Amino acid sequence: MKCGTPGYVAPEILRSEGYNSKCDIFSLGSLMFNLLTGLYLFSGEDQREILLKNKACDTSKIGMVLTEISNEGV
């Protein structure tokens, strides 16, 4: 059985590779990205599209987004 929130669930779970502590770390990272940027790590028109992007886990654009965050207040 797979469970998790689209966009936050670890790709390993969506690929039926099992659950471990790395899955929690991925979900926490996705949540932190959302809190820092106001954006979702994976977005789409509907849940199906979000889950497909989540499963593919293309994180190549994260660096560009994070460089736009101000260092002010750190």
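From the N terminus on, the chain runs α-α-α-α. That is four helices and zero strands. Helices here are DSSP runs of H or I with at least four residues, strands are E runs of at least two, and both are numbered from the N terminus.

A word on the source. This is a predicted model, where local features need pLDDT of at least 70, side-chain atom pairs count only at pLDDT 80 or more, and totals for chains, interfaces and linings use all residues. Residues are numbered from 1 along each chain as its sequence is written, and side-chain values use heavy atoms, leaving out hydrogens and water.

Next, burial. Of the 74 residues in the chain, 22% are buried. Buried means under 20% relative accessible area, exposed means over 50%, and partly exposed is in between, with a 1.4 Å probe and protein chains only.

Now the aromatic pairs. How many does a search of the whole structure find? Two. Rings of Phe, Tyr and Trp (its six-membered ring) pair if their centres lie within 6.5 Å; planes under 30 degrees apart are stacked, over 60 edge-to-face, the rest tilted.

Take Tyr8 and Tyr40. Their ring centres are 6.4 Å apart and their planes at 85°, so the pair is edge-to-face. Tyr8 lies before helix H1 (11–14) and Tyr40 in the loop between helix H2 (21–37) and helix H3 (47–56), so the pair ties together parts 32 residues apart in sequence. Tyr40 is exposed, at 53% relative accessibility.

Then Phe26 and Phe42. This pair is stacked, with 6.4 Å centre to centre and 15° between the planes. Phe26 sits in helix H2 and Phe42 in the loop between H2 and H3, 16 residues apart. Phe26 is buried at 19%. Phe42 is buried at 5%.
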